[in-house]
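Notebook open. I want to look up strand pairing, aromatic contacts and helix packing here.

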Amino acid sequence: MFETIKNCFKNKEIRTKIFITLLLLVIFRLGCYIPVPGITAETFEQAINGQSFLNIMSSISGGSLANATLFALGIGPYINASIIVQLLSVGIPALERLSKQGEEGRRKIAQITRYLTILLAVAQAIGIIVNLGLRGENAAINLAYFGFTASGGISKTAASWVAGIFLTVVYTGGAMLVMWLGERITEYGVSNGISLIIFIGIISTAGNQIVAKFIEAFAGVDGNAANPAVLWEVLGFVILTMFEFAAICAVDLSERRIPVQYAKQVKGRRMYGGQSSVIPMRISGSGVMPLIFAFAIISVPAMLASLFWPGSGFEKGVAEWFSGSGTWYGQLIYMIVLCLLIFAFSFFYASMQFNPDDVSRTIQQNGGFIQGIRPGKPTADYLKKINNRITLFGAIYLTIVALVPSILAIILSAVGISTDLISVFSTTGILIVVSCALELDKQLQSQLMMKNYKKGFLK
């Protein structure tokens with residue numbers, strides 16, 4: 001990868017794209033530090049730390065959600081809108097036709113995704129503000145800033161409405177600005193802008209935590225003396241992260257290759273075919289999407305309970321059973337439900353991405369066949385069986401990825417070791433980082449290959 005980056009800087013056009021990408025990413029990081037008036041960031045952060053899915057979304061946004069800054073929603077609404085449109089494209093004929101209309105169809109689908117992003121950003125902003133900011137005595141929103149005082153000014157209800165509308169507009173605008181930055185990176189920079197924003201957000205969140213650990217080790221925090229023993233936590237975290245990087249790369253690059261032989265065909269005066277090819281089927285073909293879906297679904301009960309029954313025993317019970325941070329039996333139920341959701345979404349997403357009937361039909365129309373398998377339905381059944389097996393191993397792999405942080409947190413907490421780094425830079429975050437880095441490397445290599453090809457062609 002480093003050799004690829006060095007060669008990219010030798011090409012003026014690619015070098016310009018890299019600088020544009022870095023400039024837009026710097027703008028994104030600056031937006032993650034712009035505070036929003038009227039928010040108590042410490043209270044906001046404490047409320048978010050109790051919910052696993054919001055922790056993941058906070059790490060994706062570079063910690064801006066926990067700090068309640070301008071880009072608190074980050075790229076989350078756009079990701080959710082893209083997933084919803086992708087799912088609807090399978091079931092709604094009109095969207096399916098648009099997806100097959102080339103560049104014009106993709107442009108219309110992108111516009112639909114933007115409108116849906118606005119709706120989801122408004123909904124998420126309202127949910128977070130009501131859930132974390134306006135309820136209880138320890139609300140994260142300072143209503144006095146919006147004109148409410150005990151002795152005079154507007155009423156508390158009016159101040160709550162003013163605060164909610166103001167913050168909804170601000171956070172929705174921030175989410176749309178992040179979406180715009182991602183699209184500009186995709187258009188004028190290198191690789192996919194959305195993936196790079198997620199990548200830089202997770203890396204920066206982990207970097208901030210590591211810097212905080214070094215400060216605690218050498219200077220101390222909150223008036224406490226320096227604690228050099230913290231460096232052992234950082235060292236163990238780095239070693240574990242390197243091991244996870246190697247394991248994830250090995251699985252992410254693994255694939256099952258199904259050989260396909262094409263028969264010779266005479267068309268006019270030319271002979272076509274007579275070649276062999278392969279159908280690559282990756283173990284982790286669905287990527288991290290099943291994990292994101294599973295964490296999102298399992299966090300819904302706790303979020304609804306905290307929204308409609310705040311402070312009640314029902315909310316505490318739901319949070320204990322669906323947050324993974326309660327009693328041992330609550331954690332066990334949480335892990336079992338999470339595993340079942342990961343398996344369900346893995347098979348669902350695999351069925352969307354790979355259609356054995358379409359692949360079999362395409363192979364047959366081009367005069368191809370899989371050795372030992374008859375064309376048509378037998379080929380489709382064979383591909384479906386292989387796909388189910390690979391999806392099963394991929395689901396097991398994603399389940400291990402999801403449960404390793406929880407298991408490590410339980411073990412380390414039992415022996416009295418801090419789990420701050422593990423909770424921030426979890427295996428799920430590492431999986432996203434590795435996937436984005438591999439995608440960036442492939443994009444740079446393809447651009448280099450295209451430039452070299454054009455250069456050689458013009459010569």
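For my own bookkeeping, buried means under 20% relative accessible area. I also note that this is a predicted model.

**Aromatic rings.** I looked for aromatic pairs and found one in the structure. Phe28 and Phe71 make up that pair, and I have them down as stacked, with 5.9 Å centre to centre and 10° between the planes. Phe28 sits in helix H2 (residues 12–31), while Phe71 is in the loop between helix H5 (64–67) and helix H6 (76–91), so the pair ties together parts 43 residues apart in sequence. By the cut-off above, Phe28 and Phe71 are both buried.

**Helix packing.** Next I followed H2 to its contact with helix H9 (residues 156–188). The two axes come within 9 Å and cross at roughly 175°. That angle is over 145, so I call H2 roughly antiparallel to H9. On the H2 side I listed Lys17, Ile20, Thr21, Leu24, Leu25, Ile27 and Phe28. Those meet Val178, Leu181, Arg184, Ile185 and Tyr188 in H9. Sorted by class, the contact has nine nonpolar, one polar and two charged residues. Phe28 turns up again here, in the H9 contact as well as in the ring pair.

**Strands.** Which strands does E1 pair with? I found seven bridges from E1 (residues 255–262) to strand E4 (residues 276–282), running antiparallel. Two bridges join E1 to strand E5 (residues 368–369), again antiparallel. I then checked Gln261: Ser276 stands opposite in E4, and Phe369 is the bridge partner of Gln261 in E5.

Methods:
Residues numbered from 1 in each chain as written. Predicted model: local features only at pLDDT ≥ 70, side-chain atom pairs only at ≥ 80, totals over all residues. Heavy atoms only, no water. Pairing = 2+ DSSP bridges. Helix = DSSP H or I, 4+ residues; strand = E, 2+ residues; numbered from the N terminus. Phe/Tyr/Trp six-rings, centres within 6.5 Å; stacked < 30°, edge-to-face > 60°. Buried < 20%, exposed > 50% of the residue type's maximum accessible area, 1.4 Å probe, protein only. Axes fitted to C-alpha atoms, helices over the stretch in contact; angles between N-to-C directions. Parallel < 35°, antiparallel > 145°, perpendicular 65-115°, else oblique. Contact = heavy atoms within 4.5 Å. Nonpolar A, V, L, I, M, F, W, Y, C, P; charged D, E, K, R; others polar.
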